[in-house]
Amino acid sequence: MTGGTVRAVSSNPEYSFTKPNRASVTLLAGLGVEGDVHAGETVKHRSRVAKDPTQPNLRQVHLIHEELFAEVAAEGFAVRPGDLGENITTVGVDLLALPTGTLLRLGADAVVEVTGLRNPCVQIDGFQDGLLKRMVHRDEDGGLVRKSGIMGVVRAGGVVRPGDPIAVELPAAPHRPLEKV
C-alpha cells in the first residue's frame, strides 16, 4: 500500500467537538497528542470513562481522510480539517481499508498503530444537521459502514506537521478488518 501526506494537525486541551488546527503536534509514545484532552494511557472519552476509567486508551489519535470532506461537500456539507475532532487529517491513504495493526509512519519519527474505527456519534449532527447519516450507512449486505475516520495508539513519538509524508506498513497476514473502538 502506498503512502500519503498529512494535510492538517489539530488538538484541543478542552473537551470540544472540533479541534483547532496547529502548525504542529507532538505525539507522545503510549499517550497520544501532547496537550490534547484525549491523551493518556487510559480512556479519556467521557462515555468510556463513565463505564470503566481503567480501560486502555485505544483512541489516543484520531485520523480522518480529507477525501471524506470532498465526498460530503458534494452533498452540501462544509467540513474542514479539525471540524470532526480529528487530530490528523490525511490525504492519499485509504484509512478505512487498512487492517488492524497497520503502522502509520508520520514525518521523521512518529509511528501510530491503527486500533480501529471511530464510531460516529450524535455530536456530528450537532455540528451540521444530517451529517451523521453521511458518516454511517449500511452496505449492500446490510453491514454497518463507519466513515468518520480511524483511531490509533502512539508507538513512537515525534513532531507531526502538515505536509509530512505518511508511510503505511501493513501487519503480517492474515489481516484483521477494522472494528469500532
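In what order do the three strands of the open sheet stand, and is their pairing parallel or antiparallel? The order is β4-β3-β12, and the pairing is antiparallel. Strands here are DSSP runs of E with at least two residues, helices are runs of H or I with at least four, and both are numbered from the N terminus. Two strands pair if DSSP finds at least two bridges between them. The model is a predicted one, with local features needing pLDDT of at least 70 and side-chain atom pairs counting only at pLDDT 80 or more, while totals for chains, interfaces and linings use all residues. Residues are numbered from 1 along each chain as its sequence is written, and side-chain values use heavy atoms, with hydrogens and water left out.

β3, covering residues 25–28, pairs with β4 through two bridges in the antiparallel sense. Within this pairing, Leu27 faces Val33 of β4. In general, strands of a sheet pair through backbone hydrogen bonds, in either a parallel or an antiparallel way.

Strand β5 comes next. Five of its five residues are buried, where buried means under 20% relative accessible area, exposed means over 50%, and partly exposed is in between (1.4 Å probe, protein chains only). In a regular strand, side chains alternate between the two faces of the sheet. In β5 both faces are covered, with Val61, Leu63 and His65 buried on one side and His62 and Ile64 buried on the other.

How many bridges join β5 to β11, and how many join β5 to β6? With β11 (residues 150–156) there are three, in the antiparallel sense; with β6 (residues 88–91) there are three as well, but here the strands run parallel. Leu63 turns up in both pairings: Ile150 stands opposite this residue in β11, and Ile88 is its bridge partner in β6. Together with helix α2 (residues 67–73), β5 and β6 make up a right-handed β-α-β unit; right-handed means that, with the strands pointing away from the viewer, the path from the first strand over the helix to the second runs clockwise.

Ile88 belongs to strand β6 and counts as buried because its relative accessible area is 0%.

The C-alpha atoms of Ala8 and Pro162 are separated by 4.8 Å, while 154 residues separate them along the chain. Pro162 is also among the residues that Ala8 touches, as are Asn21, Pro81 and Asn87.

Then there is Arg59, in the loop between α1 (46–51) and β5 (61–65). A salt bridge is a side-chain nitrogen of Lys or Arg within 4 Å of a carboxyl oxygen of Asp or Glu. A polar atom of the Arg59 side chain does lie 2.6 Å from the backbone oxygen of Val181. The residues touched by Arg59 include His38, His45, Arg48 and Val181.

Elsewhere, the structure holds seven salt bridges. One of them joins Arg134 and Glu75, at 2.2 Å from N to O. This pair links distant parts of the chain, 59 residues apart: Arg134 is in helix α4 (residues 132–135) and Glu75 in the loop between α2 and β6. Arg134 is partly exposed at 26% relative accessibility, and so is Glu75 at 42%.

Glu169 and Arg105 form another salt bridge, with their closest N and O atoms 3.0 Å apart. Glu169 lies in β13 (residues 165–169) and Arg105 in β7 (residues 103–106), so this pair ties together parts that are 64 residues apart in sequence. A further salt bridge brings together the side chains of Glu113 and Arg155 (2.6 Å, N to O). Here Glu113 is in β8 (residues 110–117) and Arg155 in β11, 42 residues apart.

Methods
A polar contact is a pair of N or O atoms within 3.5 Å; within protein, one must be able to donate a hydrogen and the other to accept it, and residues adjacent in sequence count only if both atoms are side-chain atoms. Contact means heavy atoms within 4.5 Å. Lists of a residue's contacts leave out its neighbours within four places in sequence.
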